[in-house]
Amino acid sequence: MDDIAIIGYAQSPSQRRAELTEPQFLFPVISEAIERANVERRDIGFTCAGSCDYLSGQTFAFVMNLEAVGAWPPISESHVEMDGAWALYEAWVRLQHGDIDVALAFGSGKSSPGDPSEIYPLQLDPYTLTPLGADPVSMAALQARAMLDKGTITEQEMAEIAVRSRTNAANNPYAQVRGSGDVDTLLREPYVTAPLRRHDLPPISDGASAVVLATADKARAVCERPVWIRGIDHRIEPHQPGMRDLTESISTRQAGRHAGIDHGPVEVAELSATFSHQEKLLREALGLGDEVQVNPSGGALAANPVMAVGLARIAEAARAISERGVSRALAHATSGQCLQQNLVCVLEGA
Amino acid sequence: MTPAATEPDDDNSVKMMDYFMQLEYREPLCPVVRRYADQLLEGRLIGHQCPSCGLVYLPPRGYCPICVVETTDADETVLSDRGTVTNYTVVTPVQYYGQHETEPFVRASVTLDGGNATMNLQDLVDVPVDEVRVGMRVAAVWKPKGERSVADISNRSWGSAEGCIDGWRPTGEPDAPAEQFLGKATF
Amino acid sequence: MTTHTIEFPYTRTLGPVIGPFLTGLRDGHVLGVRNRDGRVLVPPLEWDPATGEAIDVDFVEVGPAGTVETWAWVTEPTRKHPLDHPFAFALIRLDGADTALLHAVDAGSMDRMRTGMRVVARWKDERAGHITDLSFVPEEAA
């Protein structure tokens, strides 16, 4: 595989309820990513978007999002009904063909108009799961209980993860839930869906993220400090939650191995742990020790713009390298319920 | 697999499953559409004119997707409520779920006088379906001021004036030449 | 604030595996399917999730009782949930099955739920061939 680099990235601040429409808040994010990449819009040979029409509540809503890209004269573009991290994966594959040298990936979602507990059951098996209204919080709670029963996490640890996320988010201008509250206070809160409390859940967020990729020659020509994608891989597990071991993330472990995380030490990991217990599960699947800085941005517990949050993890990992001098970082994105599908991306500086 | 063994045609086994999917969405109007709605109540159609290419967007979107530049209140322009039918379709309703119409009806694109601004999927009133044609001159039929409502205006209904304009009525003026509009995209 | 509703009245064909499964529910029994290794999958699937191989349809009746493998207590049910009062979602390994089925346990109170507890199917009087033709209750309450 040819080396591909991240040469530009941008995010919108996550908001509980954005006043702007999805194309409107995407507009400045895409413009900023392109500007930071030091390329022209017409240099982009391929564009791939990640979004969800059910979130928007409108068929073909993803076509409206293209208005933020500049799609006239017609451009070469594609769309995934998945997190923008998978749009980046498609753009990365597209660049491997070698006939274009710049690609744009973005993700966006406006979760505030709908009710996530009613929308997400629609992504499940339509015969046995959707009609039960199997919502993501309940599904995550089944997973957390399985971990608690197995002794691989405690409610105290879950609260500690939430507190650290909020504390880390204090310095992140894009975050939505920032820091206060100690572990004991959080543990006195009632359960939302036992064994999960409010702090174990992600916020409902509206937001967008965008990343510009380039081939090696182009990246060196336009960018002082490209961030190299050394490996990227995604894997999936069976759909029925009762046919998986919810206390492990085999697909994350496989994706991590295929993305080459073992080829060197990881300094920073940005993980799409949308529920507190999932951070521990992912750490174990990826073999991340205490020396690894996990979610310095605050992660998905601090801002969860669905369809953009995984790509935002890649943008944050890239930012750690290009702006904070980290030499090797990884980013993780997830899709489906209880970490059914997982993507791992390994990034390095020069 | 041996589906034949498990799927006899003449038994009373369960072969189909109904699922009624219903979702509700609530959101505030974005500022440019809020402004558009307020002006509709006053009987005015407004758009944003792109400072770069001059195309007019109705309702305003806050950007020009062609030039990829943002537009603001400074780009606002008041549009005519008279125009020309530049495209149309006759829908013969099939009684699927949610279809309330029973007779053939027209949905027309009306390009407003003075520019490119076009309102799509508009009702035409006081004209038989088979007399509708490209080039037909029409004028908005506004509801009386006290009866106007913008309850159905949303961020999702670009170009709609539902609740304020009942439809478009032929003015009786000579047609504009159809060749001027045929084969062209409208915005 | 604007309100917008979307509705799709779906009608789905069921095929050779889910069709008999839902027919079974209508008739008051739960069917699993045996894979090549002899493991019994519930709900039954057309393909083995571990290998991707097509499964030769070999139905096995399971349950109606089973063991709770994990559970979540739903304090405020949504209008899409199968019960309108607090209940547990649970992964239930039905007797005779090798995998767990997601379903609702009507336990009355969270205090009555624990991992490893026994539950049993409670059937609706009027059944339509639908996953909500049944729910589960603690075995001692049945």
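This is a predicted model: local features need pLDDT of at least 70, side-chain atom pairs count only at pLDDT 80 or more; totals for chains, interfaces and linings use all residues.
In chain A, helix α11 (residues 276-286) takes part in two of the helix contacts described here. Helix α6 (residues 136-150) of chain A packs against α11(A) at an angle of about 55 degrees, and the two axes lie 9 Å apart. The two helices are therefore oblique to each other, and α6(A) passes α11(A) in a left-handed crossing. On the side of α6(A) the contact is formed by A:Ala140, A:Gln143, A:Ala144 and A:Met147, and on the side of α11(A) by A:His277, A:Gln278 and A:Leu281. Sorted by class, this contact comprises four nonpolar and three polar residues, with no charged residues.

Helix α7 (residues 155-169) of chain A also packs against α11(A), here at an angle of about 95 degrees and with the axes 8 Å apart. Because an angle of 65 to 115 degrees counts as roughly perpendicular, α7(A) is described as roughly perpendicular to α11(A). From α7(A), the residues in contact are A:Glu157, A:Met158, A:Ile161, A:Arg164 and A:Ser165, while α11(A) contributes A:Ser276, A:His277, A:Glu279, A:Lys280 and A:Arg283. The residues of this contact divide into two nonpolar, three polar and five charged.

Several backbone features of chain A fall in loops. The peptide bond from A:Trp72 to A:Pro73 is cis, with omega near -5 degrees, and A:Pro73 is placed in the loop between α3 (61-65) and β3 (77-80) of chain A. A:Met307, in the loop between β10 (293-294) and α12 (309-324) of chain A, has a phi near 85 degrees, a positive value in a residue other than glycine; with a relative accessibility of 9%, A:Met307 counts as buried. A:Gly181 lies in the loop between α7 and α8 (183-187) of chain A and is partly exposed, its relative accessible area being 38%. The C-alpha atom of A:Gly181 is separated by 36 Å from that of A:Ile236, which is 55 residues away along the chain.

Chain B contains an open sheet of three strands in the order β3-β2-β6, with antiparallel pairing. The edges are taken by β3 (56-57) and β6 (76-79) of chain B, each of which has a single partner strand, so one side of each is left without a neighbour in the sheet. Strand β2 (residues 45-49) of chain B is joined to β6(B) by four bridges, the strands running antiparallel, and B:Ile46 has B:Val78 in β6(B) as its bridge partner. Helix α2 (residues 31-41) of chain B lies across β2 and β6 of chain B and runs at about 145 degrees to β2(B).

An open sheet of five strands is also found in chain B, in the order β9-β8-β7-β10-β11 and with antiparallel pairing. Here β9 (118-122) and β11 (165-170) of chain B stand at the edges, and each has a single partner strand, so one side of each lacks a neighbour in the sheet. From one strand to the next, the twist averages 40 degrees. Strand β8 (residues 105-112) of chain B pairs with β9(B) in the antiparallel sense over three bridges, and B:Gln122 in β9(B) is the bridge partner of B:Ala108. Within strand β9 of chain B, B:Leu121 has a positive phi of about 55 degrees although it is not a glycine, and at 65% relative accessibility B:Leu121 counts as exposed.

The secondary structure of chain C consists of one helix and nine strands, which follow one another from the N terminus as β-α-β-β-β-β-β-β-β-β. The C-alpha trace of chain C spans about 50 × 40 × 30 Å along its principal axes, and 52% of its 142 residues are buried. Of the contacts in chain C between residues at least 6 apart in sequence, 51% join residues at least 24 apart.

Strand β6 (residues 87-94) of chain C is joined by five bridges to β7(C), the two running antiparallel, with C:Ala90 opposite C:His103 in β7(C). The hairpin of β6(C) and β7(C) has six residues between the strands, and within this hairpin C:Gly96 takes a positive phi near 95 degrees. Five of the five residues of strand β7 (residues 101-105) of chain C are buried, so this strand is largely enclosed by the rest of the structure. Elsewhere in chain C, the peptide bond from C:Val42 to C:Pro43 is cis, with omega near 0 degrees, and C:Pro43 lies in the loop between β3 (40-41) and β4 (59-62) of chain C.

Notes: Residues are numbered from 1 along each chain as its sequence is written. Chains are lettered from A and ligands numbered from 1 in the order in which they are written. Side-chain values use heavy atoms; hydrogens and water are left out. Axes are lines fitted to C-alpha atoms, for helices over the stretch in contact, and angles run from 0 to 180 degrees between N-to-C directions. Angles under 35 degrees count as roughly parallel, over 145 as roughly antiparallel, 65 to 115 as roughly perpendicular and the rest as oblique. A crossing is left-handed if the near helix is turned anticlockwise from the far one by less than a right angle, and right-handed if clockwise. Contact means heavy atoms within 4.5 Å. Ala, Val, Leu, Ile, Met, Phe, Trp, Tyr, Cys and Pro count as nonpolar, Asp, Glu, Lys and Arg as charged, and the others, Gly among them, as polar. Two strands pair if DSSP finds at least two bridges between them. Buried means under 20% relative accessible area, exposed over 50%, partly exposed in between (1.4 Å probe, protein chains only).
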